[in-house]
Amino acid sequence: MRRNWRYLAVGAVLLAGANAAPAQANSGEPLAGSPGLGDPYYPMDGNGGYHADHYDVTISYDPPSHQLIGSTRIDAVASQALRSFDLDYSGPQVSKVTVNNLPAWFDRTDEHELVVTPLIPLLPGLPFTVQVQYAGAVTGTDGEGWVFSPSGGAFVAGEPHSAASWYPLNDTPLDKATFTLHATVPQEWEVMSNGDKVSDTVQGANRTVSWEMRQPVIGYLTTIAIDRFEFLEQRRANGTPLLSAFAPDAVKAEDVESRLPEILDFQEQLYGPYPFDTAGGIYVDTDLQFSLETQSRPIYAPWTDLDTVVHEITHQWWGDSMSVKQWSDVCLNECFASYTADYLWPERKEGKDVDAQYRETVAKYHDDPRFWEIALQNPGKGSEFTSVYYRGPLFLHALRRTMGDDAYFPAVRDFVMAHTYGNASMPEFRTFMQTRTSHDLTGFFTAWLDRTDRPADEFLYPGNLRA
C-alpha cells in the first residue's frame, strides 16, 4: 500500500437459513473450527480447522443498482474433525450453503463470521468443498471493500480487509489459495482482476470475463474492478504479458505505466525473478487516499506517480509473494517497498545521492519525538501503516550501510526468495540478516525496530553516513 501523504500527517443442516444454525463455531467446542486465529491486531481474522486450496468466485454485478449476485466455491482440506467451521464474510445476504453438495446450516455472527454446520461432520485430512450463494446490493466504503467510481463503475480495495465484502473466505495471510473469478456485467462494461484473463465473451446484453490467479494469494490482494476501461498491452523481453487498464479520467497515467517493463527488470535485479505469470495495473479515477498492491495488478489512485508504481511493484515480492505472518510484521511489506521506491530507484536510475538524502531527513526530524514514537516492529493496531513509510526507508538504509552492499543486497534477495508464496516475520528477518554479516546487529535492531525514540548516533550514522 502506498498512502497519499498529502492527506495523512506523519505520526498518525437441511434447509439453510439465517437463523437456523444450532451452534456457532468457537474454540470451546472441540469439533468446531476456531472463529479467529488470534492475530495480535485482528484476532478474529481467519478461521481454524481447515486450509483453503482454491476459491472459484462467480458473480454478476449491475453498476446502476449496485446489485450483486454471487456464488463462491471453496476447495479446502480439514485439519481437524469438524462439526462446524467459520468463513469470513461481510457481503450481501446469504441464501444457501452446501458442503460436499449437501445442504448445510449456517448463521452470520459478529462483523464477518459465517458459521457453517455440515450435514455430515468433516474428517481430518480429507478435502471438502463449500458452496455459498448470496445476493443483494453492495455498499460503498472508504477503502475497506467496494468503492464506487464517478463513471458508475466500482472496484474492491482495502488492506488488511476487503475480500470478505464480495466473497466468503479464510481471510488471513496464513492461508493462501489460488483464485478464479467469473464476472458478468452489462456488455458495455469491462472487468479487471488478478492474473490472466482466460476468457472474455459477449452474449446478448451481457459480458462475462474470467480471470485466473495460478499462484497462491491472500484475500486483500484479490480485486475486481468494473469500469469503461481503456487498455495498454505490453510484453517484457522474456515474454511476460502485461495488461493495464485505465478508467475514463485516468488515461493520462499511461505514460507512467508504459515504464512497467523497465520497473520489473529493475526489481528482478534486486529481488530475483518476478513471481507471477503476468503483470499490469488498474488505474482508477476515484478519490482514493492509497494505492494498493493487489497481486499481479495493483490498484492505482488518481495521484499515482512513478514513485508509487515502483512502490507497488516492489510489493509483488515484499507483501504478495512473501507475506507477513502477523500484521505486526508489516515492516517487511512497507519498509522495503518504500526504501526501493524512495532510495534505490533514485540512486540507481537517476544518480541521486541517497546518503545525503538520508542525512537531510534525519536532520529534519532529529529532535522531533513524534517522528520516532511509533516502533517499526509491532507498531500497534491502528498505527501499522504509519512509521513504516517514513522511518522504514531510514532503517533499511542504515542497515545497508552497517552491513555493506556486498552483504546486504544478496541477503535481502535470498530472504525474500526463500519465502516465495509463503510467509515470514520480522523476527525471522532479524535472525537471517545476522547470519549474513560479522557485525553484531543486536543493538542496531533494538534501536531501530523496538525502541520508540531516536537511535543512538552509532546506529543512526553507521559506516560512511558518519561523514
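Predicted model: local features only at pLDDT ≥ 70, side-chain atom pairs only at ≥ 80, totals over all residues.
Me: What is packed around arginine 2?
Reply: Arginine 2 sits in strand S1, residues 2-3. Leaving aside neighbours within four places in sequence, arginine 2 is in contact with residues including Trp303, Asp307, His311, Glu312, Asp342 and Tyr389.

Me: And histidine 419: what makes it buried or exposed?
Reply: Histidine 419 comes in at 19% relative accessibility. The cut-off for buried is under 20%, so histidine 419 counts as buried.

Me: Where does histidine 419 lie, and what does it touch?
Reply: Histidine 419 is in the loop between helix H9 (405-418) and strand S23 (423-424). Not counting residues up to four places away in sequence, histidine 419 touches Ser321, Met322, Ala424 and Glu428.

Me: On to helix H5. How do you know that its length agrees with its number of residues?
Reply: H5 has 12 residues, 354-365, and at 1.5 Å a residue they should span 16 Å. The expected span uses one less than the number of residues. The end C-alpha atoms of H5 are 17 Å apart, so the two agree.

Me: Which residues of H5 are buried, and why say they line one face?
Reply: The buried ones are Val354, Asp355, Gln357, Tyr358 and Val362. Looking down the axis of H5, its buried residues fall within an arc of 160°, so they line one face of the helix. As background, an α-helix has 3.6 residues a turn, so residues three or four places apart point the same way.

Me: What's on the other side of H5, and what covers the buried residues?
Reply: Glu360, Ala363 and Lys364 are exposed on the other side. The cover over the buried residues of H5 includes helices H4 (331-350), H8 (392-403), H11 (442-450) and H12 (457-460).

Me: What makes aspartate 353 a cap for H5?
Reply: A side-chain oxygen of aspartate 353 lies 3.2 Å from the backbone nitrogen of aspartate 355, at the N-terminal end of H5. The polar-contact limit is 3.5 Å, so that pair is within it.

Me: Last one: what do domain 2 and domain 3 bury between them?
Reply: About 2000 Å², with carbon and sulfur atoms giving 65% of that area. Phe266, Tyr271 and Trp318 supply 34% of what domain 2 buries against domain 3, more than any other three residues. In contact terms, 24 residues of domain 2 meet 22 residues of domain 3.

Methods:
Residues numbered from 1 in each chain as written. Heavy atoms only, no water. Helix = DSSP H or I, 4+ residues; strand = E, 2+ residues; numbered from the N terminus. Buried < 20%, exposed > 50% of the residue type's maximum accessible area, 1.4 Å probe, protein only. Arc of directions from axis to C-beta. Contact = heavy atoms within 4.5 Å. Polar contact = N/O pair within 3.5 Å; in protein donor to acceptor, adjacent residues only side chain to side chain. Buried area = accessible area lost by both parts, 1.4 Å probe.
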